[in-house]
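Please have a look at the structure on the screen, and I'll walk you through two parts of it.

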Amino acid sequence: MGLELYLDLLSQPCRAVYIFTKKNRIPFELQAVNLLKGGQTSKHFSKLNSLQKVPTLKDDDFVLTESTAILIYLSQKYHTDDHWYPAELQARARVHEYLGWHADFIRGTFGVMLWTKVLAPLIGTQVPEEKVCRNRTAIDEALDKLNARFLGNKPFLTGQQPIALGLDLYEGQPQLASWHKRVETFLGAEQCEEAHASIMSILERNASKTIPTPTPEAHPNML
């Protein structure tokens with residue numbers, strides 16, 4: 001079967017894997033997993049990945065989960081350019097350092113807005129306003145740390161999602177705004193638009209009530 005990627009592009013880690021494979025011209029078969037319809041809890045997918053999470057990679061009989069592990073695996077197997085995953089020890093350690101921080105302070109913070117604005121109301125859950133405000137403060141603090149600790153005066157580091165939800169992430173952050181434009185230019189604007197189409201239309205689809213109501217099977221994972 002070759003390389004298969006199980007993805008839902010509503011998910012930021014899935015978009016990262018998708019953009020990486022497309023940019024590096026890695027051939028793969030896309031297997032769509034609709035999270036809102038509970039696709040991750042299906043019998044077929046649960047047999048493949050008992051964690052019921054995306055992204056998931058299947059390379060013949062080898063199955064791998066977690067976006068960071070998948071990105072490293074692909075970069076090594078397909079010998080991508082050194083700037084993706086450097087061979088030099090300390091440069092590679094910086095990549096691991098950022099990925100560890102990203103998981104805690106970017107993924108764990110920025111994804112909350114999608115939950116509070118769109119997903120929670122779909123299943124009848126309301127998030128207290130004080131928690132929403134606290135999350136916005138955490139986003140600002142994370143951006144400051146991203147700029148000061150990881151970007152600095154460098155052109156590149158060694159999430160688009162809040163933008164889709166109406167938040168101007170780069171207001172008052174000119175260095176981060178310039179960095180974002182450089183990354184988009186490097187990856188290709190058309191490719192970025194394709195990968196982000198689902199999340200960028202989320203508010204419009206929510207207003208028109210075209211987002212499918214999550215199935216009961218999806219509720220435990222969402223909560």
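I'll talk about a sheet and then about a pair of helices. Please keep in mind that this is a predicted model.

Let's begin with the sheet. How many strands form it, and in what order? There are 4 strands, running β2-β1-β3-β4 across an open sheet, and their pairing is mixed. At the edges you'll find β2, residues 29–32, and β4, residues 62–65, each of which pairs on one side only. On average, neighbouring strands here are turned by 20° against each other, direction ignored.

Now zoom in on β1, residues 3–7. Over 4 bridges, β1 pairs with β2 in the parallel sense.

On to the helices. Two packed helices are described by the angle between their axes and the distance between the axes. Here, α1 (residues 12–23) packs with α9 (residues 189–200) at about 160°, and the axes lie 10 Å apart.

Who makes the contact? From α1 come R15, Y18, I19, K22 and K23, and from α9 come Q191, E194, A195, H196 and I199. Sorted by type, the contact residues are 4 nonpolar, 2 polar and 4 charged.

Technical notes:
Residues numbered from 1 in each chain as written. Predicted model: local features only at pLDDT ≥ 70, side-chain atom pairs only at ≥ 80, totals over all residues. Heavy atoms only, no water. Pairing = 2+ DSSP bridges. Helix = DSSP H or I, 4+ residues; strand = E, 2+ residues; numbered from the N terminus. Axes fitted to C-alpha atoms, helices over the stretch in contact; angles between N-to-C directions. Contact = heavy atoms within 4.5 Å. Nonpolar A, V, L, I, M, F, W, Y, C, P; charged D, E, K, R; others polar.
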